Amino acid sequence: MLDSTGNFPALFRTRVATASTVFSICVLAASAAWPQAAPSLAIQSPAQQSSPDRPQPAPQQNEPAPPSPPENPGLINELGKLWDKSKSILPTIKSPQEAIDDLNARTKGAGEGLSRLAKPSLMVTGRMACPVSGNGAPDCKAAADKLCQSKGHTEGKSLDTDAAEKCSAKVYLPGRKREPGDCRTENYVTRALCQ
């Protein structure tokens with residue numbers, strides 16, 4: 001359920017923080033209430049017990065500190081280890097601003113493409129020959145640009161083309177056979193989309 005502002009990520013973070021706080025309090029209360037190891041009950045022998053008429057020996061000043069207790073593999077300790085491991089496994093959660101910045105970076109290219117489509121364009125008709133490029137193929141982009149420039153626009157994109165065969169006058173002489181270099185195919189742009 002969304003809050004009144006409709007800010008779902010903030011509501012989610014609040015609920016996660018509340019749940020983790022409640023969990024931490026429960027863990028602390030449980031560890032304080034139930035020790036993981038049985039307490040050691042040191043029973044002193046009657047000789048060690050002090051009597052009121054016998055003076056007690058003074059404690060030695062240079063006694064070493066008691067050794068730290070060995071690790072106790074109880075439930076709470078294992079849950080703590082699991083919690084520490086989960087921090088390294090789970091990915092970090094991005095802040096809302098970082099998420100918005102990532103989304104803006106990904107959509108920037110799409111926005112530029114849409115702005116190019118939104119520019120006013122006009123379809124023009126005519127007949128412009130496609131020049132032959134260096135590899136021998138017709139360059140109809142240049143012909144579309146020339147057709148659009150002749151109509152007062154800057155550039156164009158070819159929408160429709162036409163091809164015609166252009167032959168030398170020798171082909172039409174009676175009795176002469178046609179040879180491979182006598183005719184060539186010329187391409188024309190007949191319709192273009194101008195910007």
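1. A disulfide is taken here as a pair of cysteine sulfur atoms within 2.5 Å. The model is a predicted one, and a search of the whole structure finds three disulfides. When the bonded cysteines of the chain are numbered in sequence order, they pair as 1-2, 3-6, 4-5.

2. Cys-167 is joined to Cys-183 by a disulfide with an S to S distance of 1.9 Å, and this link is right-handed, with 110° about the S-S bond. The pair connects distant parts of the chain, 16 residues apart, with Cys-167 in strand E2 (residues 156-167) and Cys-183 in strand E3.

3. Cys-148 and Cys-194 form a disulfide with an S to S distance of 1.8 Å. Because the torsion about the S-S bond of Cys-148 and Cys-194 is about -85°, this disulfide is left-handed. The pair links distant parts of the chain, 46 residues apart, with Cys-148 in helix H4 and Cys-194 in strand E3 (residues 183-194). Cys-148 and Cys-194 are both buried.

4. The link of Cys-130 and Cys-140 is right-handed, with 105° about the S-S bond. Here too distant parts of the chain are linked, 10 residues apart: Cys-130 lies in the loop between strand E1 (122-129) and helix H4 (140-150), and Cys-140 lies in helix H4. Cys-130 and Cys-140 are buried.

5. Which order do the strands of the open sheet take? The three strands are arranged as E1-E3-E2, with antiparallel pairing, and E1 and E2 are the edge strands, each pairing on one side only. Neighbouring strands of this sheet are turned against each other by 20° on average, direction ignored.

6. The antiparallel strands E1 and E3 are joined by six bridges. Leu-122 stands opposite Cys-194 in E3, and Cys-194 is the residue that a disulfide joins to Cys-148.

7. How does helix H4 lie relative to the strands, and at what angle to E3 does H4 run? H4 lies across E1, E2 and E3, and runs at about 50° to E3. Helix H4 holds Cys-148, whose partner Cys-194 is in strand E3, and H4 also holds Cys-140.

Definitions and conventions
Residues numbered from 1 in each chain as written. Predicted model: local features only at pLDDT ≥ 70, side-chain atom pairs only at ≥ 80, totals over all residues. Heavy atoms only, no water. Helix = DSSP H or I, 4+ residues; strand = E, 2+ residues; numbered from the N terminus. Buried < 20%, exposed > 50% of the residue type's maximum accessible area, 1.4 Å probe, protein only. Pairing = 2+ DSSP bridges. Axes fitted to C-alpha atoms, helices over the stretch in contact; angles between N-to-C directions. Contact = heavy atoms within 4.5 Å.
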